[in-house]
Amino acid sequence: MMNPLKLNILMLVLSFWFSLAHSQNYYVSPSGNDHNPGTLQKPFATITKARDTVRKLKKNKSIPNGGITIFIRGGNYQFTSSFELTAEDAGEKNKPIRYQSYKNEKPSFIGGLLVDSKKWVPINSVARKRLHPGIDASKIYELDVSVMGLKNVARFAPANQFTTDWYIIDLYADQKRQPVSQWPDPGENIRGKNDPGWTTCNGSKNNCSFYYGWGGHPEDRDTTDEVDADGTNRARRWQNSINEGHELWLKGLWRTPWAPITTKVKAIHLEDQSIEFCEQPPQGMGSKYSPVANNNPLWRVGSGKENWLAINFLDEINQPGEWALDFKDGKLYYYPPKPIGQLNMMIADMVMPVIRMQSTKYVQLNGISIEGGLGNGIEMDDCSNILIADCSIRNVGSTGICMNGGENNIIQSNDIYETGGWGMELKNLGNRFTLASSNVTIINNYIHHVGNLAFKEAVALENCVGVLISHNLLHDIPKGAIRTDNVNNCVFEYNEIHNIALKEGDTGVFYNYGGWSTYGNIFKYNFSHHTNRANGFYSDDGTSGDVYFKNIVQGAISAVKFGGGHDNLAENNLFIESHDQTVDDRGINRNYRLGTNYETNLTKFKINAEPWKSYGVKLKSSFNLTTNLWSDVLNPSWHPEYPNGCRMNNNVAVACGPFVKKLGNVEISGNNTIQKLADAAFYDYPKMDLRTDNKLILEKFPDLNEVFPKIGLQKDQYRKTIPSREETGGLENRTKTDALDTEDKMIDQVSSVTNHRKSK
């Protein structure tokens with residue numbers, strides 16, 4: 001039987017093509033005029049005029065049987081504020097309002113400011129003195145942003161440090177985001193020892209200072225001065241610029257291997273090779289897994305592996321495309337990749353979304369390119385029965401598509417890339433208290449190269465019920481691919497994912513969080529590969545009730561990692577070249593017990609009343625659980641701090657490490673192990689064709705050969721071509737193995753040292 005959500009998509013598509021021929025049509029063209037009647041021969045000039053015309057039509061008469069279609073001709077449509085659709089712009093069931101590209105033409109909604117090439121001038125003589133010694137000054141240009149009326153050029157941030165936000169303009173050339181300057185350069189690996197694009201601290205000096213050279217005593221005992229290793233006298237150059245009033249900001253993983261903090265520098269101290277911040281990072285300097293050096297204020301010795309980089313500094317522009325915004329000068333400095341007059345330059349300054357939909361319904365966006373805003377591409381609040389299909393959302397400063405509330409929405413066959421933040425953010429869909437489903441579908445989307453300004457996931461779900469994530473291709477992501485926080489009854493299927501965790505560690509291809517209430521989420525027929533710095537399926541910190549069935553995980557740290565939660569299941573999956581498959585008992589040491597937030601965050605749903613009471617019974621029956629939901633979980637003698645009810649059965653591990661379990665009622669059985677990769681006899685392993693005739697694999701995953709070609713993007717009425725894995729860079733890793741330590745690895749190391757000390 002066809003999945004109800006997929007059936008809903010099919011019916012919507014059929015009705016779309018039928019009704020298109022019977023709709024009231026209007027036309028918009030960049031060469032049109034808003035005084036025209038909006039016909040094909042005499043189109044409107046703006047989308048806003050077309051929207052307002054529809055509003056007037058709806059007030060005077062009912063929507064035609066076929067709905068209303070605004071055909072948008074190819075070309076650029078400039079916006080200085082959001083294009084807004086509200087309840088006033090809603091269609092009706094079987095009578096949608098469509099914003100549709102005309103035939104094969106490509107309309108672009110642009111939220112950025114186009115910059116005349118004549119406004120760029122050669123860098124002035126004073127700023128020229130700050131340039132990197134290896135750069136030809138004649139190649140650097142400046143733009144006086146102080147006279148352009150831009151809103152986001154006065155300061156780098158409203159405080160002396162920030163985490164995941166971005167507060168200044170963004171720059172594009174020929175529709176490509178230009179990289180803000182940084183040191184080390186993105187691909188630079190100093191001494192062949194660092195993670196590309198980063199250098200490391202050499203130990204803490206105090207709560208808001210660290211050593212970059214010989215003065216420190218880091219645990220790794222490496223005190224090499226990497227700042228000055230290239231002979232460009234970098235530390236003194238930085239010191240001179242700071243003393244002249246120019247701001248230097250460093251982005252670093254000062255305490256943990258995730259969530260970098262960008263902090264303003266107060267001073268460079270050459271005498272002991274240290275750097276001092278204006279404010280201390282939260283809880284002071286130094287890896288939180290290194291010994292405490294001082295308690296009041298708190299700071300730690302430092303591991304010597306804390307990554308950091310300098311960002312947005314004129315002194316470090318040394319690569320074509322790099323730029324920096326100097327707040328003292330009021331200038332944007334830029335190293336164009338080709339003659340400035342040959343580039344189409346655009347600045348993103350509008351923090352509002354390019355398209356904002358609020359409390360509207362039965363609206364469709366088809367075939368539109370959205371780009372150039374500093375905020376979200378498309379923002380939807382409490383909207384229902386919306387279709388966004390065949391759109392390209394790119395070059396935006398925050399999230400591609402943000403959906404907050406609503407139901408029965410479909411996001412299908414869109415390309416989302418080069419975003420500053422998430423590809424998609426989905427939150428408050430459905431109702432966790434009533435378990436009412438949102439019936440939201442995210443299908444056949446291509447999401448890649450996201451999180452360029454703030455390290456975020458490709459897709460993030462928070463507080464959702466009943467979302468289907470299916471047939472999407474995700475890659476080149478700084479963190480995990482898909483993150484869930486407090487979701488129920490969501491389905492993730494047929495997705496292909498590769499090359500994630502490019503900037504941060506301690507994550508998963510699917511990273512799930514939320515404690516003891518996150519039951520009913522199903523992950524099936526997904527394929528992840530070349531994710532050497534992340535776990536595959538990661539149910540972290542007590543997350544419970546995740547079901548992983550017939551997935552393929554290649555080249556991960558832990559193919560599956562259950563982090564102390566209950567009733568997580570991994571069955572009939574195929575694991576290849578991963579370090580291990582683990583059920584851990586972290587809840588014992590980390591206090592996942594009754595009387596904590598773990599209990600509170602479960603019982604707030606009134607689990608002994610409907611619908612949660614029956615939900616627990618249904619879960620136990622549907623997934624053959626051994627746990628009595630919810631009485632066992634709330635019974636202290638059952639030991640809810642243990643990962644009880646978890647199982648890893650009937651999987652296949654090819655050239656993998658062991659299946660690992662610790663304390664608790666955990667079952668690991670029936671798994672087939674193939675020691676050598678060659679013995680798996682995959683059809684073409686280097687090209688990731690993982691079909692096989694191996695009996696040990698097909699015994700546990702009998703429909704593998706049938707399922708495998710169906711994973712990832714598929715051709716449909718919107719998507720006519722599919723990129724190959726070679727074209728997407730999906731045949732190799734783009735990061736070093738174990739380049740970043742994980743939280744669990746660090747905790748284990750600290751625990752082993754502590755236990756060793758206690759035993760002495």
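The questions below go from the whole chain to single residues.

This is a predicted model, in which local features need pLDDT of at least 70, side-chain atom pairs count only at pLDDT 80 or more, and totals for chains, interfaces and linings use all residues. Residues are numbered from 1 along each chain as its sequence is written, and side-chain values use heavy atoms, with hydrogens and water left out.

Q: How many helices and strands does the chain have, and what makes a run count as one?
A: The chain has 10 helices and 60 strands. Helices are DSSP runs of H or I with at least four residues, strands are runs of E with at least two, and both are numbered from the N terminus.

Q: Why is the chain called as compact as a globular protein of its length?
A: The radius of gyration is taken over C-alpha atoms, and the globule rule is 2.2 Å times the number of residues to the power 0.38. For 760 residues the rule gives 27 Å, and the chain's radius of gyration is 27 Å, so the chain is as compact as a globular protein of that length. Along its principal axes, the C-alpha trace spans about 90 × 75 × 50 Å.

Q: What share of the chain is buried, and what makes a residue count as such?
A: Buried residues make up 60% of the 760. Buried means under 20% relative accessible area, exposed means over 50%, and partly exposed is in between (1.4 Å probe, protein chains only).

Q: What share of the contacts joins residues at least 24 apart?
A: Among contacts between residues at least 6 apart in sequence, the share is 66%. Contact means heavy atoms within 4.5 Å.

Q: How far apart are the mean positions of the positive and negative charges?
A: They are 4 Å apart, for 82 positive and 84 negative charges. Lys and Arg count as positive, Asp and Glu as negative; His and the chain ends are not counted. The place of a charge is NZ of Lys, CZ of Arg, CG of Asp or CD of Glu.

Q: Is Ala 481 buried or exposed?
A: Ala 481 has a relative accessible area of 0%, so it is buried. Ala 481 lies in the loop between strand 40 (473-475) and strand 41 (482-488). Leaving aside neighbours within four places in sequence, its contacts include Glu 457, Leu 474, Ile 497 and Val 509. Its C-alpha atom is 8.9 Å from that of Thr 507, 26 residues away along the chain.

Q: Why does Ala 159 count as partly exposed?
A: Its relative accessibility is 39%, so Ala 159 is partly exposed. Ala 159 sits in the loop between strand 9 (141-144) and strand 10 (161-162). The C-alpha atoms of Ala 159 and Thr 263 are separated by 9.0 Å, although the residues are 104 apart along the chain.

Q: What puts the buried residues of helix 7 on the same side?
A: The buried residues of helix 7 (residues 612-622) are Trp 612, Tyr 615, Gly 616 and Leu 619. They cover an arc of only 100° around the axis, so they lie on the same side of helix 7. The arc is that of the directions from the helix axis to the C-beta atoms. The buried residues of helix 7 pack against strand 41. On the other side, Val 617, Lys 618 and Ser 621 are exposed.

Q: Why is Asn 624 called exposed?
A: Asn 624 has a relative accessible area of 58%, so it is exposed. Asn 624 has a positive phi of about 55° although it is not a glycine. It lies in the loop between helix 7 and strand 54 (647-649).

Q: Why is Asn 233 called partly exposed?
A: Asn 233 has a relative accessible area of 42%, so it is partly exposed. Its phi is positive, about 55°, although Asn 233 is not a glycine. The loop that holds Asn 233 runs between strand 16 (209-211) and helix 4 (234-243).

Q: What makes helix 4 mostly covered?
A: Seven of its 10 residues are buried. Among them are Arg 234, Trp 238 and Ile 242. What covers the buried residues of helix 4 includes strand 13, strand 18 (261-269), strand 19 (274-277) and strand 22 (307-311). Just after helix 4, Gly 245 has a positive phi of about 100°.

Q: Where are cis peptide bonds found, and what is omega there?
A: One joins Trp 183 and Pro 184, with omega about -5°. Another joins Asn 296 and Pro 297, with omega about 0°.
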